[in-house]
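I open this notebook to keep track of what I look up in the structure shown below. Entries are grouped by topic.

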Amino acid sequence: MADQWLDEIQWTADGLVPAIAQDYRSGKILMMAWMNRESLALTVKEQRAIYWSRSRGKLWRKGEESGHVQQLHGIRLDCDSDVILLQVEQLGGIACHTGREHCFYKTLNDGQWQPVEPVLKDPNAIYQADKGGESSE
């Protein structure tokens, strides 16, 4: 019965739910990633963001390579029960594997996507070259 709250989520056919990470202080959207039942339960248990990496087919503890951990401050479920909102504190101030504060750094301008947010730290300095870095995929 302790995990009954997980049954209320409308999981995709693949057993996933999109999760949006939001800075709990500013309200800024930091990133979007996927969660499965296990990653969401562990997120609540450990009070840090843990996602499901679709490309690697395994759990992904945000910050496990970069040190840019997301500490959980709150969690919400949308009105259709199919999107999770994680209210987090982004340790290190970098959420994106590109070295930026958040992943939504491109804007559409004259039919082209253009980066408008600065790189705060070179990704090569964050990740080991042979690891490939963290990704929401």
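Which residue stands opposite Leu108 in S8? I find Trp113 in that place.

**Basis of the entries.** I am working from a predicted model, in which local features need pLDDT of at least 70 and side-chain atom pairs count only at pLDDT 80 or more, while totals for chains, interfaces and linings use all residues. Residues are numbered from 1 along each chain as its sequence is written, and side-chain values use heavy atoms, with hydrogens and water left out.

**Confidence.** I looked up pLDDT, the predictor's confidence in each residue on a scale from 0 to 100, and noted a mean of 92 for the protein, with 92% of its residues reaching 70 or more. Residues 129-133 have a pLDDT below 50, and this stretch has three contacts in the model beyond near neighbours in sequence; contact here means heavy atoms within 4.5 Å.

Strand S7 (residues 106-109) and strand S8 (residues 112-115) pair in the antiparallel sense over four bridges, and they form a hairpin with two residues between them, where Asp110 in the turn has a positive phi of about 50 degrees. I then turned to strand S3 (residues 50-53) and strand S4 (residues 58-61), which are antiparallel and joined over four bridges, with Lys58 in S4 as the bridge partner of Ser53. This hairpin of S3 and S4 has four residues between its strands, and Gly57 in the turn shows a positive phi of about 65 degrees.

**The open sheet.** I traced four strands that form an open sheet in the order S2-S1-S6-S5, with mixed pairing. Strand S2 (29-36) and S5 stand at the edges with a single partner strand each, so one side of each is left without a neighbour in the sheet. Neighbouring strands of this sheet are turned by 30 degrees against each other on average, direction ignored; for such angles, axes are lines fitted to C-alpha atoms, for helices over the stretch in contact, and values run from 0 to 180 degrees between N-to-C directions. Within the sheet, S5 and S6 pair in the antiparallel sense over seven bridges, and Leu77 stands opposite Ile84 in S6. Helix H2 (residues 37-46) lies across S2, S5 and S6, and runs at about 120 degrees to S2.

**The nonpolar core.** I count as a nonpolar core a set of buried Ala, Val, Leu, Ile, Met, Phe, Trp, Tyr and Cys residues joined through side-chain atoms within 4.5 Å, where buried means under 20% relative accessible area, exposed over 50% and partly exposed in between (1.4 Å probe, protein chains only). The largest core has 18 residues, of which Met31, Met35, Tyr51, Ile84 and Leu86 touch the most other members. S1, S2 and S6 are the elements that give two or more residues to this core, and its largest share, four residues, comes from S2.

**Loop residues.** Gly15, in the loop between helix H1 (4-7) and strand S1 (16-23), is partly exposed at 27% relative accessibility. Not counting residues up to four places away in sequence, Gly15 touches Met35, Asn36 and Arg37. At 18% relative accessibility Ser81 counts as buried, and leaving aside neighbours within four places in sequence, Ser81 is in contact with Glu8, Ile9 and Gln10.

**Cysteines.** How many disulfides does a search of the whole structure find? I noted zero disulfides, taking a disulfide as a pair of cysteine sulfur atoms within 2.5 Å. Cys96 is in no disulfide, and the nearest cysteine sulfur, that of Cys103, is 3.8 Å away. Cys96 is buried at 3% relative accessibility, whereas Cys103 is partly exposed, with a relative accessible area of 29%.

Note on methods. Two strands pair if DSSP finds at least two bridges between them.
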